[in-house]
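Let's walk through this model together, starting with its helices and ending with a few individual residues. Keep the viewer open as you read.

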Amino acid sequence: MAAQSKPAPLPSWGYATAGATGAVLANALVYPLDIVKTRLQVQVKRKPGETTDHTDPHYASTWDAITKIAAEDGIKGLYAGMNGALLGVASTNFAYFYWYTTARDLYFKSQKVPAPPSTAVELMLGAVAGAVAQLCTIPVAVVTTRQQTQSKADRKGLIDTAREVINGEDGVFGLWRGLKASLVLVVNPAITYGAYERLKGVFFPGKTRLTAGEAFLLGAMSKALATIATQPLIVAKVGLQSKPPPQRQGKPFKGFIEVMQFIVQHEGLMSLFKGIGPQIVKGFLVQGLLMMTKERMEFLFILLFRYIRKLRSEQLAKAAALAATAASKAKVVVPVTTK
């Protein structure tokens, strides 16, 4: 977030639009990594020499997943569920940045002496914004996760996949599977943007407008820190939102704690961090590109708003001048007659 310790020069929807635009562009560029990290996170790791009757492909690494998905489904397989994913990205980031900016504005207005918020306050504001955004947008994330883990034979569109979720055991509430984990995971963007603001103050004190390279670097660093801290929860949330593994015989998980227990029991403690390679690379690139694009979009919006205000003031000045001219012409001088 390019927010400073003074009232924002843009309305909340301006920051939200800039953030959503940057997020969509960034995620579209690295979408195959999103598919790969999701597939790696939902698969149950096999033990050496173990054989299974299940036909689902098993991926040994990021590159192995890319080659196997491309071989089975073609290049388009690396973009399965992209429409729904980008819709979710746009809605989530718009909601997040809207409420984050609104919360910051309210915070600044409540302060008698303007001052930058502390790290704790920054994290709290980010958590509140993230919670509101998740409540509104998690159904799209659930449907997208299902699409990303479907085989070529089972692949369905966005609407059909949503119907499949609703027709499941949880009914319409299935669209909110993983909500608790998602609410806990609001600490991820909170850490990300809190760290971004802190790092911005450390590396570029007093600088209000970062270059594209500076914004990319800070965004990537902050996202990497947040990902490492929250990876077990990310893995648990993906497990909740996807179809249960074959070992569960179709029985869905009841909560993210149960997912984590299953992973530790069948794969070991370190498997709570499975898929962290593509997760960090994706997060590094996405967050860097997002913040870089967002900074540029915010600058363009500021210029646009200034131009609109200038046009409006010029139009008001012209209207006032025309009104004054018309009033002067309308004045009638009444001649004074004397007897």
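This is a predicted model: local features need pLDDT of at least 70, side-chain atom pairs count only at pLDDT 80 or more; totals for chains, interfaces and linings use all residues.

Residues are numbered from 1 along each chain as its sequence is written, and side-chain values use heavy atoms, with hydrogens and water left out.

Let's begin with helix H1. Helices here are DSSP runs of H or I with at least four residues, numbered from the N terminus. H1 takes in residues 12–29, which makes 18 residues. From its first C-alpha to its last it reaches 26 Å, close to the 26 Å expected at 1.5 Å a residue; the expected span is 1.5 Å times one less than the number of residues. Which residues of H1 are buried? Here, buried means under 20% relative accessible area, exposed means over 50%, and partly exposed lies in between, with a 1.4 Å probe and protein chains only. The buried residues of H1 are Ser-12, Gly-14, Tyr-15, Ala-16, Ala-18, Gly-19, Ala-20, Gly-22, Ala-23, Ala-26 and Asn-27.

Asn-27 deserves a visit of its own. Asn-27 sits in helix H1 and is buried, with a relative accessible area of 9%. Leaving aside neighbours within four places in sequence, Asn-27 is in contact (heavy atoms within 4.5 Å) with Leu-86, Val-89, Lys-282 and Val-286. Lys-282, one of those partners, also belongs to a network of salt bridges that links it with Asp-34 and Lys-37.

Next comes a helix pair. Two packed helices are described by the angle between their axes and the distance between the axes. Helix H8 (residues 187–203) packs against helix H9 (residues 212–241) at an angle of about 145°, and their axes are 8 Å apart. The axes are lines fitted to C-alpha atoms over the stretch in contact, and angles run from 0 to 180 degrees between N-to-C directions. H8 passes H9 in a right-handed crossing, meaning that the near helix is turned clockwise from the far one by less than a right angle. On the H8 side, the contact includes Val-187, Asn-188, Ile-191 and Thr-192; on the H9 side, Lys-223 and Thr-230 are among the residues that take part. By class, this contact has 12 nonpolar, six polar and two charged residues. Ala, Val, Leu, Ile, Met, Phe, Trp, Tyr, Cys and Pro count as nonpolar, Asp, Glu, Lys and Arg as charged, and the others, Gly among them, as polar.

Thr-230 lies in helix H9 and, at 3% relative accessibility, counts as buried. Beyond its neighbours within four places in sequence, Thr-230 is in contact with Leu-185, Val-187 and Asn-188. Lys-223, also placed in helix H9, counts as buried at 17% relative accessibility. Not counting residues up to four places away in sequence, Lys-223 touches Asn-188, Thr-192, Gly-283 and Gln-287.

Now for the charged pairs. Side chains of opposite charge can pair when their charged atoms come close. With a salt bridge taken as a side-chain nitrogen of Lys or Arg within 4 Å of a carboxyl oxygen of Asp or Glu, the count comes to seven. One of them joins Arg-163 and Asp-160, at 2.9 Å from N to O. These two are three residues apart in helix H6 (residues 158–166), so about one helical turn separates them. Arg-163 is partly exposed at 48%, and Asp-160 is partly exposed at 40%.

The side chains of Glu-258 and Arg-248 meet in a salt bridge of 3.1 Å, N to O. This pair links distant parts of the chain, with Glu-258 in helix H10 (residues 256–267) and Arg-248 in the loop between H9 and H10, 10 residues apart. Glu-258 is partly exposed at 22%, whereas Arg-248 counts as buried at 16%. Another salt bridge, 3.0 Å from N to O, joins Lys-274 and Glu-267. Lys-274 is buried at 14%, and Glu-267 is buried at 15%.

Finally, is Phe-173 buried or exposed? Phe-173 is exposed, with a relative accessible area of 64%, and lies in the loop between H6 and helix H7 (179–184).
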